[in-house]
Structure formats: C-alpha cells, structure tokens
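Thanks for coming, everyone. Let me put the sequence and the structure up on the screen, and then we can walk through a few spots together.

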Amino acid sequence: MYYRIIYSLITLLYVPFVASAQYTFFNPAGSFAVETSLENTDELRMPIYRNAMTSLTVSGDFVLGGTSAQKGLTPLLFTGSLSERKIIAIKQLDDVIKGQLSIITGFTATKSGNVFYAGTMPQPGTGMGGHIIELQVSLQGQIAVKDLGEPVAGEGIFAMTFNADKNEFYGIVHPSGKFFTFNLKTGKTQIFNQTVPSEKDLETYHSFALQPEDYLGRALLIDQQGRIYGSRSINKLFCFDPANQSFSVLKDELPFVWGREAMGRIDSWVKMPEGTIYGSNAADGQLFRLDPVNQTIVNLGKPIMMPRIMAMTPGKNGMLYGVAGAFPGYAHLFSYHPQKGFRDLGNPEFKMVSPGLEQGINWRGYQIASMASSQSGNYIIMGENEALSQLMVFPAEDLP
C-alpha cells in the first residue's frame, strides 16, 4: 500500500508540467490531418470507439493502420492515401478472426514492401488467444488479411517483430510474459519462460498496483546480427540469440528515476537508416541509445517532463521524431538529433479539410500512440489513440 500511495503522488506531480506546456502548438507549413472518424458525411469513415490507431506503417502512397476497440467491439484495419488525403479501405478484423480486441504490436514488413505482419490481442475474459495476421496492400489500397494462427494458446500477442531473412516471428504474450518464436515456413512454435516475471517480481508489481499491460515490454527489436532485444522484470533488457536459442540480460538497466524502477519497461524502439538503435522507457519517458556490439546503453535524457514515449520514427539526415507524454496530459511531438539534441515541438495542430469540412478546421492531437515514416522519406505520419481518431501528417524536414 505504501508503494501504491507513493506511485500515485509521483504520477500526479506530472500534471502541472502538462498544464503549463500544453498550449504550444506544432503546425508547420505542409502539414495536414486526414479525417477518418467524424460521422458528418457519407464518405468512408471508421465508427466511434473502434478507431484508436495503435499500429501504423506505410506502403507506397498508402498508410496502413490497425486499431484498438473498446471491450466487446472488434478492431479495424484501414488504408489511407497520402496524396488524396482520404481513407481508401476499411476492414473489420472480425471478418477474419473472431473475438479480438486490438492490434497493438505495430507492423513488420517483408522485403516486398506491400506484405506486413501484426499480432492481435483477444477480448478479455474469453479464454481466446491472439493471432498473427498477414496483410497485403494492393496497388489500389485494398487490404487482404490472412490468419496465420494462434502461437500461444489463450494468450494475446503484446509485442512482436519479424525477421524477413529467417522467416521467423518473435513475440511476448499477455498476460504471462512468455517469449515465443514462430517459423513461417515450418509453422513450428517454440515457447520460452526466461522472460516471465518471478514470484518476487509479481509481488513488487502488486505493491505498485501494476497489471501485465503496465509492466510487459511493448516492443521488440532485431539488431544487425539477428538478435532480439526487449525488456523484462525488473527494469532489465534481455537479448535472445536465435543462433543458439539463448537468453542473456544486459548489465546496463533501463534509465530510471529513483524509486520507479519497478515501472521500467520498453515503450518503443526505432532503428535509424544508418543503423543507430534508440529505445524509450515508459516509466519516466527517457530516450536511450543501444550499442549492440558492446550491449551497453547511454541515457540521452527526457524530451519533456511527463512519462512515456509511445512511438518513434526516423526523419531525414539523422533526425528522430517521437511522441512523448500520455493521459492525462496532452501528447507532445519532439525531435532528437545526435548533434542538435532534443526539441519539444509541442502539441500537433494541423488543418483538416474534407467533405462537410470544406472550410477546414484546426485538428489538435491529444493522445497519440503510433507513428510511421513514408517510404519516400517526405512525411511523418501520426495516429491518434482516441474514440474519434484522425491521421496527422507533416513534412519530414530538418528542424533547427
């Protein structure tokens, strides 16, 4: 109970910082919002409470998105055109797999550029498990979905990545925290317990009133050697080597604020075009750089005062963009460059013009959970995590 009270008080301390900074807007020339959810037109739109954009990627001109729904509703898959600035296709996941709640793993791609993979989380309390899904985006932006099965019976897929060279998936399941591999060619699944919290870890999490969705790592990353990195309890980074199916724990822990180690976990990873690897700690919102050769990390600090960095994506010429902060505060867009450091860009507010809104309105991002870079490198795309979510797009120009 003591830890729970301390945790609540520390969390509340973030709110004043949010209130003092939330009125700085980011609205550069060339930015725009794509209406995907407002029910004011006969145009193709996603229904309310099913459109929180928790996974994003880009295939040519098309943004591919996966959503999270409220309990009892089915999530959606959609495509939107960057050039036409509108939704092209919407597909209900329930048409392919019943009983699913969300698509939160993000998308990993094959070498073809139009075939992607994601994992799903099931409706709670049903005893069902998450599935791996394959998605193909056509030249017209239509979506074909294939169910590749349930890798771990009765457990959702909380984080997942795919090695296209080995045709192999790697994932963390919810709620147990087990690690799995799934070979696309052979259909063989292997399950490992090395990432499962111990009884002592679970007691610590209980003291902080944390549930599995609060402490399991949200993302996995593959380095140039094919090794997989993620987070495990408590505040540790692990490395899985598929060559000998071995696990190791890095000596360097995730960056943390004293007393909050138990809440440390990976929020997001990004691998830059030149190979630099960045990660973020959800507990306090620190950005760090991983050296996979020496398996060490360097704490780069916090872009804003709030916790969380839920999404990151590469920009141009070494620039990294990310979204920091989470409920109850407004999300802030930030940039980081190895020589220029951090820049808090504030809350995105982009012009949205669409049928029924021909005059245009300024759409302001509140909760943002996903990001992607266009394959041309010209745009950064953000997806809102709301009951009525929109796509927000801005040019990937260098910033001072």
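Let's start with Arg85, which counts as partly exposed at 43% relative accessibility. For that scale, buried means under 20% relative accessible area, exposed means over 50%, and partly exposed is in between, using a 1.4 Å probe and protein chains only.

Before going on, a word on what we are looking at. This is a predicted model, where local features need pLDDT of at least 70 and side-chain atom pairs count only at pLDDT 80 or more, while totals for chains, interfaces and linings use all residues. Residues are numbered from 1 along each chain as its sequence is written, and side-chain values use heavy atoms, with hydrogens and water left out.

Back to Arg85: its phi is positive, about 60°, although it is not a glycine. Arg85 is in the loop between β5 (76-81) and β6 (86-92). When I say strand, I mean a DSSP run of E with at least two residues, numbered from the N terminus. Tyr49 also has a positive phi, near 70°, and is likewise not a glycine. Tyr49 is in the loop between β2 (32-34) and β3 (52-59), and at 38% relative accessibility it counts as partly exposed. As background, most residues other than glycine have a negative phi, and most peptide bonds are trans.

Pro175 lies in the loop between β14 and β15. Another cis bond runs from Ser233 to Ile234, with omega near -20°, and Ile234 is in the loop between β18 (228-232) and β19.

Now step back to Val173, in strand β14 (residues 168-174). Is Val173 buried or exposed? Val173 is buried, at 0% relative accessible area. Its contacts, meaning heavy atoms within 4.5 Å, include Phe158, Phe180 and Leu216, not counting residues up to four places away in sequence. Val173 and Ile157 are 16 residues apart in sequence, yet 4.6 Å apart in space, C-alpha to C-alpha.

Next, the hairpins. Strands β15 (residues 179-183) and β16 (residues 189-192) pair in the antiparallel sense over four bridges; two strands pair if DSSP finds at least two bridges between them. Thr181 has Gln190 in β16 as its bridge partner. Five residues sit between these two strands, and Gly187 in this hairpin has a positive phi near 75°.

Further along, four strands make an open sheet in the order β17-β18-β19-β20, with antiparallel pairing. β17 (221-222) and β20 (246-249) are at the edges with a single partner strand each, so one side of each has no neighbour in the sheet. β19 (residues 236-241) and β20 pair over four bridges. Phe240 is opposite Phe247, and Asp241 is opposite Ser246. β19 and β20 form a hairpin with four residues between them, and Gln245 in the turn has a positive phi of about 55°.

Let's look inside. A nonpolar core here is a set of buried Ala, Val, Leu, Ile, Met, Phe, Trp, Tyr and Cys residues joined through side-chain atoms within 4.5 Å. The largest one has 21 residues, and Tyr321, Val323, Leu333, Phe350, Met371, Met382 and Phe394 touch the most other members. At least two residues of this core come from each of β26 (320-324), β28 (341-354), β29 (357-364), β30 (368-373), β31 (379-384) and β32 (391-395). β28 gives the most, three residues. As for Met371, its contacts include Leu56, Ala311, Tyr321 and Met382, again not counting residues up to four places away in sequence.

One last stop. Line up Tyr205, Leu216, Arg232 and Ser233 and you are looking at part of the lining of the largest cavity. A cavity is a set of points on a 1 Å grid over the protein atoms alone where a 1.4 Å probe fits but cannot get out, and lining residues have an atom within 4 Å of a point. This cavity has a volume of about 50 Å³, where volume is the space filled by probe spheres set on the points, and grid points are joined across faces, edges and corners.

Key
On a 1 Å grid over the protein atoms alone, a cavity is a set of points where a 1.4 Å probe fits but cannot get out, and a pocket is an open set with protein on both sides within 12 Å along at least five of seven lines; lining residues have an atom within 4 Å of a point.
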